[in-house]
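Open the model in your viewer and keep the selection tool at hand. This tour goes from stop to stop.

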Amino acid sequence: MSQPLRSTPVPELPRRIFDYYSRPEGMSDAGRHSGLLQNLPSNVAALTEIVQGLAIHQYAVSYYGVTVPEARKRESHIRPVEAILDEILALDGRPLAEARPPEKRIVGVCHHFALLLVAMLRAHGIPARYRSGFGSYFNAPYFEDHVVCEYWSAEKGRWALADPQFDEKWRAGAKIDHDVLDVPRNRFLIAADAWSQCRAGKADPSKFGIFAGDLRGLWFIAGSLVRDIAGLNKVEMLPWDCWGAVPRPRELSEDQFAFFDRLAELTQDPDASFDDLRRVYESDERLRVPKTVFNAVLQRPEAMEAA
């Protein structure tokens, strides 16, 4: 008589890691708008669709037939989700679940889409974290600077990558053919994987960065590593924020390689390195986000709104 088949148990996230990444704090704390997030649906697909109805990417407005007034480009520099929601509601005061017309959405970049989704998931007690890295689906064969939301899928028993900025219109325009709620790990490389592959000679550092010109290379990936460790410590920064260990353009000395090798090792598997990630971030002032950071796009120091 044959034995009944036993299904493989779905892995569980360790309780302390679950608790840490499911609790909104700092940049992901909606503050006075917390109740609005708690009233939204609790599944990632519905929340992603809601995010897409609240924000428009500054560099993809052509897909929607609108232009961005110069005065509104400042919105892409807003960091904390509470201030992002302030702006969204000032533009259109309807419930968050109601999609805005493109001209009434906050003008943002990947930061705003990813952080909104992280905040919404955490508001429902779902573990989520903000990951810095590089997407291969913008400008092949290049890997472009990008951030996404990594969330715990209880159904699959693993972390999955969601890229919430790609709605149906953008997916069609950019020919995105992968699942944006479970982005393949070879389509979006977290900063640690990009660094490790380049250091091992398996990838070309000149393919990693942003735009044309000199904003590419190992020094750029190193900056992404610093922002990723901050994000894993729930301090989600703009992709162009610089502080401490973030290298200057095209500057990376030999004695820095061991330091960034260690950061890549820690951030490659954040669950296994959870205690070290927390300790290193809190104890190393080169990594810990200070009260003032340098905005490399606006070329000026800026005070942190929330940390």
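How many cavities of 30 Å³ or more does the structure hold? The structure holds 1. Before you look for it, some ground rules. This is a predicted model, where local features need pLDDT of at least 70 and side-chain atom pairs count only at pLDDT 80 or more, while totals for chains, interfaces and linings use all residues. Residues are numbered from 1 along each chain as its sequence is written, and side-chain values use heavy atoms, with hydrogens and water left out.

**Stop 1: the cavity**

Select Ser132, Asp145, Val147, Ser224, Arg227, Met237 and Pro239. They line the largest cavity. Its volume is about 40 Å³. Now colour strand S4 (142–153) and helix H8 (218–232); each supplies at least two residues of this lining. Helices (H or I, at least four residues) and strands (E, at least two) are DSSP runs, numbered from the N terminus.

On a 1 Å grid over the protein atoms alone, a cavity is a set of points where a 1.4 Å probe fits but cannot get out. A pocket is an open set with protein on both sides within 12 Å along at least five of seven lines. Lining residues have an atom within 4 Å of a point. Grid points are joined across faces, edges and corners, and a volume is the space filled by probe spheres set on the points.

**Stop 2**

Go on to the largest pocket. About 1000 Å³ of space lies in it. Select Asp145, Ile210, Phe211, Phe220 and Trp240: of the 35 lining residues, these are the closest to the centre of the pocket. Strand S3 (128–139), S4, H6 and H8 are the elements that give two or more residues to the lining. Which of them gives the most? H8 does, with 4 residues.

**Stop 3: Arg105**

Select Arg105. Its place is in the loop between helix H4 (81–91) and strand S2 (106–108). Is Arg105 buried or exposed? Arg105 is buried. Buried means under 20% relative accessible area, exposed over 50%, and partly exposed in between (1.4 Å probe, protein chains only).

Arg105 has no salt bridge. A salt bridge is a side-chain nitrogen of Lys or Arg within 4 Å of a carboxyl oxygen of Asp or Glu. The nearest side chain of opposite charge, Asp167, is 4.3 Å away. For charge, Lys and Arg count as positive and Asp and Glu as negative; His and the chain ends are not counted.

Show backbone atoms next. The side chain of Arg105 reaches the backbone oxygen of Arg100 at 2.8 Å. It also reaches the backbone oxygen of Gln52 at 3.3 Å. Leaving out residues up to four places away in sequence, Arg105 touches several others, among them Tyr64, Arg72, Glu75 and Asp167. Contact means heavy atoms within 4.5 Å.

**Stop 4: salt bridges**

Side chains of opposite charge can pair when their charged atoms come close. By the salt-bridge rule, the count here comes to 31.

Select Arg16 and Asp275. They form a salt bridge, with the closest N and O atoms 2.6 Å apart. This pair links distant parts of the chain: Arg16 sits in helix H1 (residues 15–21) and Asp275 in helix H10, 259 residues apart. Arg16 counts as partly exposed, at 46% relative accessibility. Asp275 is partly exposed as well, with a relative accessible area of 46%.

Move to Arg32 and Glu82. Their salt bridge has its closest N and O atoms 2.6 Å apart. Arg32 lies in the loop between H1 and helix H2 (34–38) and Glu82 in helix H4, so the pair ties together parts that are 50 residues apart in sequence. Arg32 is exposed at 59%, while Glu82 is partly exposed at 22%.

**Stop 5: Asp276**

Finish in helix H10 (residues 274–283), where Asp276 lies. Asp276 counts as partly exposed because its relative accessibility is 30%. Its side chain makes a polar contact with the side chain of Arg279 (3.3 Å). A polar contact is a pair of N or O atoms within 3.5 Å; within protein, one must be able to donate a hydrogen and the other to accept it, and residues adjacent in sequence count only if both atoms are side-chain atoms. Not counting residues up to four places away in sequence, Asp276 touches Arg262 and Leu266. The C-alpha atoms of Asp276 and Leu266 are separated by 7.4 Å.
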